[in-house]
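Look at the structure below before reading on.

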Amino acid sequence: IKHRVEQEEKLLERIGVQVSAWEDRARGFIAKGMDENARESIRKKRILESEARRVSENLTRDKVSFNDFEERYEEIERRVMEAKSRRTVLLRNYALMKETGKKPPSHHGGVPDFEEAFSLYGKMEERINEERDIFAAAANSDADRQRLEEKMIEEEFENLKKDMKKGGSKK
């Protein structure tokens with residue numbers, strides 16, 4: 001998504017430059033009395049402005065999505081670090097108990113704390129892995145959408161380029 005945001009920002013900038021160029025052309029055609037060419041330039045400018053609005057809307061939506069993904073990723077990363085920290089403490093306690101030969105304190109019907117903690121850690125690890133899989137699937141679908149969007153943008157760019165050449169040759 002970050003790549004798409006960057007590409008959309010660059011595209012929006014390029015469209016803005018093109019809009020200005022078409023407006024300048026229209027003014028030049030009007031000054032020379034070439035009304036039909038001026039109308040065509042204005043039409044192309046309006047098409048680009050419409051495209052700029054669409055890209056801007058997509059950019060806003062993608063920025064929000066990117067921020068959401070970043071926040072969720074940071075939360076998962078924090079939870080993983082907490083789980084690893086707990087695991088390290090449990091392993092130290094277990095090793096210490098094993099060395100000293102002491103039985104760990106138990107509760108809940110005789111289940112030792114460290115076994116319950118390892119069970120809890122295992123469940124946490126499963127949930128984190130499931131969430132990573134979900135994020136990976138979302139990223140793949142975003143990549144597919146990005147490729148399709150890039151293809152459509154490239155086709156439209158080529159059409160605009162052809163149209164610009166046609167408009168430029170009507171002097």
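The expected span of a helix is 1.5 Å times one less than its number of residues.

## Helix H2

This is a predicted model. Helix H2 covers residues 35-100, which makes 66 residues. At 1.5 Å a residue, H2 should therefore span 98 Å. After H2 comes Gly-101, which has a positive phi, near 75°.

## Packing of H1 and H2

Helix H1 is made of residues 2-31. H1 packs with H2 at an angle of about 165°, and their axes are 8 Å apart. Angles over 145 degrees count as roughly antiparallel, so H1 and H2 are roughly antiparallel to each other. Their crossing is left-handed. In the contact of H1 with H2, 16 residues are nonpolar, 12 are charged and 5 are polar.

## Aromatic rings

How many aromatic pairs does the structure hold? The number is 0. One ring does have a charged residue over its face: Arg-25 lies over Trp-22, at 4.7 Å from the ring centre.

Conventions: Residues numbered from 1 in each chain as written. Predicted model: local features only at pLDDT ≥ 70, side-chain atom pairs only at ≥ 80, totals over all residues. Heavy atoms only, no water. Phe/Tyr/Trp six-rings, centres within 6.5 Å; stacked < 30°, edge-to-face > 60°. Lys NZ or Arg CZ within 6 Å of the ring centre and 35° of its normal. Helix = DSSP H or I, 4+ residues; strand = E, 2+ residues; numbered from the N terminus. Axes fitted to C-alpha atoms, helices over the stretch in contact; angles between N-to-C directions. Parallel < 35°, antiparallel > 145°, perpendicular 65-115°, else oblique. Left-handed = near helix turned anticlockwise from the far one by under 90°. Nonpolar A, V, L, I, M, F, W, Y, C, P; charged D, E, K, R; others polar.
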